[in-house]
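User: I have a model open and want to go through it residue by residue. Can you help me read it?

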Amino acid sequence: MIWLLKTGEIIFNNQSSLDLNLRMEEYPVIDMLQEDYEQVDVIGRNGSIFINKGSYKNRTAQCNLEIFTYDYNDTYEKVLDWLYNIEDDRLLIDSDYKCYRVEKVELTTTQKQFQKCGSIPVNFICKPFRTSYEYIELPYTGNNIYNHGDFEAPLVISFKAKGDIDISINDEHFYVKGCNGNTIVDSEVLKCINTDNKLNVVTQGNYPSLQKGLNTIIIKVKDGTTGTLSNINIKYLELYR
């Protein structure tokens with residue numbers, strides 16, 4: 001689904017703010033993406049050394065939502081339900097199919113303040129990266145996959161197999177050992193399980209992900225072994241600044 005947002009509209013928890021009689025007064029203040037780093041001072045050296053850690057901080061989107069109805073009481077209760085009972089963590093602020101993923105919502109306005117001010121400040125604490133709004137899902141055909149995102153994209157690969165499976169991306173190999181049925185390799189949570197019996201499956205290597213740009217993917221029964229492999233599907237979220 002692609003949302004074409006109207007003026008002042010945001011989409012969160014699979015619902016439009018306009019459906020709740022709320023709209024943004026102005027574009028929200030959103031933290032820039034910041035990589036974690038360590039600052040090291042070396043005796044006898046001018047300046048400091050900065051070591052990037054490869055991990056990123058959560059970001060906060062500060063929104064001020066204005067109400068355009070006089071039914072304050074009913075609206076306030078609906079807003080609380082919308083913000084706190086999160087079933088869909090996607091937050092869409094722009095019509096570019098890229099969304100923030102909300103971890104927590106901070107709200108400090110009481111019902112009386114809401115009635116008096118006619119607006120409500122909301123802090124959406126989000127995961128570091130914006131993502132594609134939907135998972136990109138592809139049946140495996142042996143073709144290349146182009147990652148249009150700004151960062152590596154962890155893969156979720158499902159298949160039915162018996163034996164040892166070799167997943168190669170740009171000649172980097174990840175092995176799934178002793179498969180016996182339907183299996184999911186989930187690089188987002190670093191787990192591999194047999195979905196028939198819910199047991200962990202032994203793996204070797206770094207969990208597979210798509211590099212930025214063009215990626216060559218080969219999924220097959222490991223060379224020198226016998227087995228079967230079918231029903232291969234790949235899904236992932238592209239990650240953006």
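Predicted model: local features only at pLDDT ≥ 70, side-chain atom pairs only at ≥ 80, totals over all residues.

User: Where does I49 sit?
Analyst: In strand β6, which spans residues 48–56.

User: And which residues form a nonpolar patch on the surface with I49?
Analyst: V42 and I51. Together with I49 they have about 210 Å² of accessible area.

User: Now the inside. Which residues of the largest nonpolar core touch the most other members?
Analyst: L22, L65, W82, L83, L91 and F124. That core has 25 residues.

User: Which elements each supply at least two residues of this core?
Analyst: β3 (22–24), β7 (59–67), α1, β9 (98–107) and β10 (119–126).

User: What does L83 touch, leaving out residues up to four places away in sequence?
Analyst: F12, V105, L107, V122 and F124.

User: What lies apart from that core?
Analyst: Another core, of 22 residues. I167, I169, C179 and V221 are among them.

User: Switching to D88. Buried or exposed?
Analyst: Buried, because its relative accessibility is 13% and the cut-off for buried is under 20%.

User: Where is D88 found?
Analyst: In the loop between α1 (72–84) and β8 (90–92).

User: What does the D88 side chain make a polar contact with?
Analyst: The side chain of R90, at 2.7 Å.

User: And which residues does D88 touch, not counting those up to four places away in sequence?
Analyst: Three names there: F12, N13 and N14. F12 also turns up in the L83 list.

User: Backbone next. What is phi of Y97 near?
Analyst: 65°. That is a positive value, in a residue other than glycine. Most residues other than glycine have a negative phi.

User: Where is Y97, and how exposed?
Analyst: Y97 is in the loop between β8 and β9. At 30% relative accessibility, Y97 is partly exposed.

User: What about D171, what is its phi near?
Analyst: 70°, again positive and again not a glycine. D171 is in a loop too, between β14 (153–169) and β15 (172–186).

User: Is D171 buried or exposed?
Analyst: Exposed, because its relative accessible area is 68% and the cut-off for exposed is over 50%.

How values were computed. Residues numbered from 1 in each chain as written. Heavy atoms only, no water. Helix = DSSP H or I, 4+ residues; strand = E, 2+ residues; numbered from the N terminus. Buried < 20%, exposed > 50% of the residue type's maximum accessible area, 1.4 Å probe, protein only. Polar contact = N/O pair within 3.5 Å; in protein donor to acceptor, adjacent residues only side chain to side chain. Contact = heavy atoms within 4.5 Å. Patch = residues over 30% accessible without salt bridge, like charges linked within 9 Å, V, L, I, M, F, W, Y side chains within 5 Å. Areas by Shrake-Rupley, 256 points an atom, 1.4 Å probe, with all protein chains shown as cover. Salt bridge = Lys/Arg side-chain N within 4 Å of Asp/Glu carboxyl O. Core = buried A, V, L, I, M, F, W, Y, C linked by side-chain atoms within 4.5 Å.
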